[in-house]
Amino acid sequence: MNFLKILKKSVIDSQLYVSLMGTLFAVFFMEEQNTFRLPSVLLIFITYFSGYLYTKYQKTKHFFKILILNAIAGIICAFLIIINHNEIRLVKWFIIVVLGLLYNSFFLDVYIRKIPLLKVFYVGLVWALVNCWLTLPEFSFPIFLISFFYITALVLPFDIRDMKVDTVKTFPTIIGVQNTKYLAYFMVFVSCILALFYLKIIYSTAFFISSIITFLLIYFSENKRNDSYFSFGVETCSALPFLFLLILSIFDK
C-alpha cells in the first residue's frame, strides 16, 4: 500500500505520468506518418510536463520555482527546435504554448477553464494540434479529428470525477452522468471509424483495440471511484494505441 502511495505521489501527482501518456500518443502518430525523431519526442514531453506543472502549481507557494523551471524548459525546447528543425516549427510550438497558457492562467480575468463546457474540447484541441501540426510538415486534418475526438472523450470521465467539486458547469452536471458517457462513447466511436479509414492497417488495428478498452473504462467511470481509476486508468488510454502498436509489431515479425 505504501508503495502505491509513493508511486502515485512521485509519478502520477507529479504530472510525469500524464506528460508521458500525451507524449506516447503523439509518438503513435509520428510512427504512422514516419516522422519519428527523438528530439521531437523530448520536445513534446518537456512541453507537456512544464505545462501541467504550471497549471497545477500556479496558485501555490511553489509557483515562482515553477516559473523558473518553465523558463528553463522553454529555452531547452527552443534550442531543440532551432538545432533540429526550423523557424516554422518554433512558431507552431509557440502558438501551442500560448494556447496552453490561455487554458488556465490566474492572471487572466477569464480563462478557458472557467468557461462552461468548453474545457473538454479545448484540451482535445491542444493535444490534437501537437499530433497533427507540430510534428508534421503540413497540417493533417484526419489526424486532428482522430486525436480531437479521442482526447475530448477521455476528458469527460474526469468531469464525472470532479462533478461535485467543479465550480463551473460541466457536462455531467448539465446532462447527467449517463448522457455524458453516451457523448464520450460517440466521440470514441467517431475517432475509431476515422482511424480505420485513414491510418495504416496495423495502426488502425491498434487504435481499434485501444478504443474497446477506452469504452470499458468510460462505462465504469463513476463519481464515487478512487482518483487512481481516473489519473492512472483513464489517463493510460492515451498511450494504449502506441502500446498495442508495439505488441502487434512483435507478432507481425
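Q: Buried means under 20% relative accessible area, exposed over 50%, and partly exposed in between (1.4 Å probe, protein chains only). Is Val-41 buried or exposed?

A: Val-41 counts as buried, because its relative accessibility is 15%. This is a predicted model, in which local features need pLDDT of at least 70 and side-chain atom pairs count only at pLDDT 80 or more, while totals for chains, interfaces and linings use all residues. Residues are numbered from 1 along each chain as its sequence is written, and side-chain values use heavy atoms, with hydrogens and water left out.

Q: Where is Val-41, and what does Val-41 touch?

A: Helices (H or I, at least four residues) and strands (E, at least two) are DSSP runs, numbered from the N terminus. Val-41 lies in helix α3. Contact means heavy atoms within 4.5 Å. Not counting residues up to four places away in sequence, Val-41 touches Thr-23, Val-27, Met-30 and Phe-36. Val-41 and Gly-100 are 59 residues apart in sequence, with 18 Å between their C-alpha atoms.

Q: How many residues does the largest nonpolar core have?

A: The general idea is that nonpolar side chains tend to be buried together in soluble globular proteins. A nonpolar core is a set of buried Ala, Val, Leu, Ile, Met, Phe, Trp, Tyr and Cys residues joined through side-chain atoms within 4.5 Å. Here the largest one has 70 residues, and Phe-28, Phe-29, Ile-151 and Phe-207 have the most contacts inside it. Helix α7 (residues 141–161) gives the largest share of this core, twelve residues.

Q: What is Phe-28 in contact with?

A: Leaving aside neighbours within four places in sequence, Phe-28 is in contact with Leu-199, Tyr-203, Ala-206, Phe-207, Pro-241, Phe-242 and Leu-245.

Q: At what angle do α7 and α9 pack?

A: Axes are lines fitted to C-alpha atoms, for helices over the stretch in contact, and angles run from 0 to 180 degrees between N-to-C directions. For α7 and α9 the angle is about 160 degrees, and the axes are 8 Å apart. That makes α7 roughly antiparallel to α9. The words have cut-offs: angles under 35 degrees count as roughly parallel, over 145 as roughly antiparallel, 65 to 115 as roughly perpendicular and the rest as oblique.

Q: Is the crossing of α7 and α9 left-handed or right-handed?

A: A crossing is left-handed if the near helix is turned anticlockwise from the far one by less than a right angle, and right-handed if clockwise. The crossing of α7 and α9 is left-handed. By class, the contact of α7 with α9 has 17 nonpolar, three polar and one charged residues. Ala, Val, Leu, Ile, Met, Phe, Trp, Tyr, Cys and Pro count as nonpolar, Asp, Glu, Lys and Arg as charged, and the others, Gly among them, as polar.

Q: Where is Val-190 found?

A: Val-190 is found in helix α9 (residues 177–198). With a relative accessible area of 19%, Val-190 is buried.

Q: How are α2 and α6 arranged?

A: Helix α2 (residues 16–32) and helix α6 (residues 118–134) pack at about 40 degrees, with axes 9 Å apart. The two helices are therefore oblique to each other, and their crossing is right-handed. Val-18, Gly-22, Phe-25, Ala-26 and Phe-29 of α2 make the contact with Trp-127, Val-130 and Asn-131 of α6. By class, this contact of α2 with α6 has six nonpolar, two polar and no charged residues.

Q: Is Lys-119 buried or exposed?

A: Lys-119, found in helix α6, counts as buried at 9% relative accessibility. Leaving aside neighbours within four places in sequence, Lys-119 is in contact with Tyr-103, Arg-113, Asp-159 and Asp-166.

Q: What phi does Asn-34 have?

A: Most residues other than glycine have a negative phi. Asn-34 is not a glycine, yet its phi is positive, about 60 degrees. Asn-34 sits in the loop between α2 and α3 (38–57) and counts as exposed at 71% relative accessibility.
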